[in-house]
Amino acid sequence: MSPHAWIFCALLCVLTCERSRSASRGPVQSRKRRFVDDADDEAPKKCSYTFLVPEQKITGPICASQGLSLPDKERVTQTDVADVREILTKQRREMDTLRLIVDVDGNMVNEMKLLRKESRNMNSRVTQLYMQLLHEIIRKRDNSLELAQLEGRILNSTAEALRLSGLYRELELRFSALAALVNNQSLLIAALEDRCLQVYGNHRREPLPPPLVQVVPENIPVYVPRFSNEIQRSPGWPVQEDRSPRPTHQANVSLEGPFRDCLQVMQAGHGTSGTYLLKPDGTEKPVEAWCEHDVDRGGWTLIQRRKDGSVNFFRNWDSYKKGFGSVDGEHWLGLENIYNLGKQEDYKLLVELEDWMGKKVYAAYSSFHLEPESQSYRLRLGTYQGNAGDSLTSHNGKQFTTLDHDNDAFSGNCAHFHKGGWWYNACGQTNLNGVWYSGGVYRSRFQDGIFWADYGGGFYSMKSVRMMIRPID
Ligand SMILES: [Ca+2]
């Protein structure tokens, strides 16, 4: 036998003996070992092995530990188990950590989903707001364009208004110059006529005309003057017969009354302007009069109206005393009627003038009444207020003059030159009973139009005139 075979046999013997000892220590080992042990208990305690070991020639010294080193390395030791357990524990911890992370990530995913949803909502909302903003911008831009167009129109209109205003002022200046020229020409013509009479006169002394009004008024009616050599008189002048004492009863006269004046008419509930029967205190016969309720709170009694030249005002004393004309047209209420009205209580006077451009101005006097016929119906006026200019105050305290009753301060008869009855001085700044001339500025030898010197001068005849009275408030 080789040395190696001897060594292997020795090791087997050692192992066999070891197994015998461990079997004798009791059933503490594994079940397989017990099963073997049980089998051994039944069999004889002696083990027998037969090994066939190839011969190996030992050439060097024998190392006892050389054959056992490989099985020790492959054996799983407790240290290895502990290491594995430690690794396992570590991996479990990592797994727990990873689970936590996964849970956290899940929450984050949910939050992310919610945030995305909110983001989508916000986006749609922002888009909606953007569209609204765009719409507003477009609308404002359109408005701005319209505003700019309006501003342009306003600017154009303003420029046009300024241009027209300039033209208007220029026309006013031209009219003023022409009115002054007409005045001067009329004066010159009158002087030349007088001179002719003196030089080539036939020794027949003509009555001297009254001095002409030479007022170039501050207030000029807005009208381009129309010159004419024709005196336009009322139809039928001067042969029209008096229609006195009064015109026939009008169809539209109120059947109620009579009233003491038009204020009482209005207070009785008749608020419509028109013809009413009046019977001033102390009089016997009622008289028709026009009640004007559309001016200054109403209750005004018209005493005179001019509007179309349809009535001749060149009349005698009796006619002016009783009144004439149509109550709903041109008329004179009558000096006696005016006197009877005025003595009832305190009245005020309103004179309304309209020029040929339709502009209306007025002159109001704080009190008004006439003295009786024995005083030739002397005029009594209060203080002036208005925008027509005060042309009537110079007639205050003057008696009434007609063609056949000369009560004026002039050497001749003012009614003769001015062609109408009036409270003349010598002769005065106004006569509203003159000739109704069409067109405003007129040319005449005398100032015989319906003139109000402070509004238009002596050679501007008004288009329409109204004189009315009302009790003082
Ligand atoms: Ca006289």
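Reader: Let us take buried as under 20% relative accessible area, exposed as over 50%, and partly exposed as in between, using a 1.4 Å probe and protein chains only. Which of these is glutamate 193?

Author: Glutamate 193 is partly exposed, because its relative accessible area is 29%. Please note that this is a predicted model, in which local features need pLDDT of at least 70 and side-chain atom pairs count only at pLDDT 80 or more, while totals for chains, interfaces and linings use all residues. Residues are numbered from 1 along each chain as its sequence is written, and side-chain values use heavy atoms, with hydrogens and water left out.

Reader: Where does glutamate 193 sit?

Author: Glutamate 193 belongs to helix α4, which covers residues 78-200. Helices here are DSSP runs of H or I with at least four residues, strands are runs of E with at least two, and both are numbered from the N terminus. The C-alpha atom of glutamate 193 is 9.4 Å from that of arginine 445, although 252 residues separate the two along the chain.

Reader: How many helices and strands are there in the protein chain?

Author: The protein chain has eight helices and twelve strands. Of its 473 residues, 35% are buried.

Reader: What share of the contacts joins residues at least 24 apart?

Author: That share is 61%, taken among contacts between residues at least 6 apart in sequence. A contact means heavy atoms within 4.5 Å.

Reader: Changing topic, how many disulfides does a search of the whole structure find?

Author: The search finds two disulfides, each being a pair of cysteine sulfur atoms within 2.5 Å. One of them joins cysteine 262 to cysteine 291, with the sulfur atoms 1.9 Å apart. This pair links distant parts of the chain, 29 residues apart: cysteine 262 lies in helix α5 (residues 262-267) and cysteine 291 in strand β2 (residues 287-292).

Reader: Why is that disulfide of cysteine 262 and cysteine 291 left-handed?

Author: It is left-handed because the torsion about the S-S bond of cysteine 262 and cysteine 291 is about -75°. Cysteine 262 counts as buried at 0% relative accessibility, and cysteine 291 is buried with a relative accessible area of 0%.

Reader: How far apart are the sulfur atoms of cysteine 414 and cysteine 427?

Author: They are 1.8 Å apart, and the two residues form a disulfide. Its S-S torsion is about -85°, so the disulfide of cysteine 414 and cysteine 427 is left-handed. The pair links distant parts of the chain, with cysteine 414 in helix α8 (residues 414-418) and cysteine 427, 13 residues away, in the loop between α8 and β10 (430-431). Cysteine 414 is buried, with a relative accessible area of 0%, and cysteine 427 counts as buried at 2%.

Reader: What is the pairing of the bonded cysteines in sequence order?

Author: Numbered in that order, the bonded cysteines of the protein chain pair 1-2, 3-4.

Reader: And which residues coordinate the calcium ion?

Author: The calcium ion is coordinated by two OD atoms of Asp406, an OD atom of Asp408, and the O atoms of Phe410 and Gly412, at 2.0 to 2.6 Å. Donors are N, O and S atoms within 2.8 Å of the metal (3.2 Å for Na, K and Ca); water is not among the atoms, so sites may look incomplete. The donor residues follow the sequence spacing D-x1-D-x1-F-x1-G.

Reader: Is aspartate 408 buried or exposed?

Author: Aspartate 408 counts as buried, because its relative accessibility is 11%. Glycine 412 counts as buried as well, at 13%.
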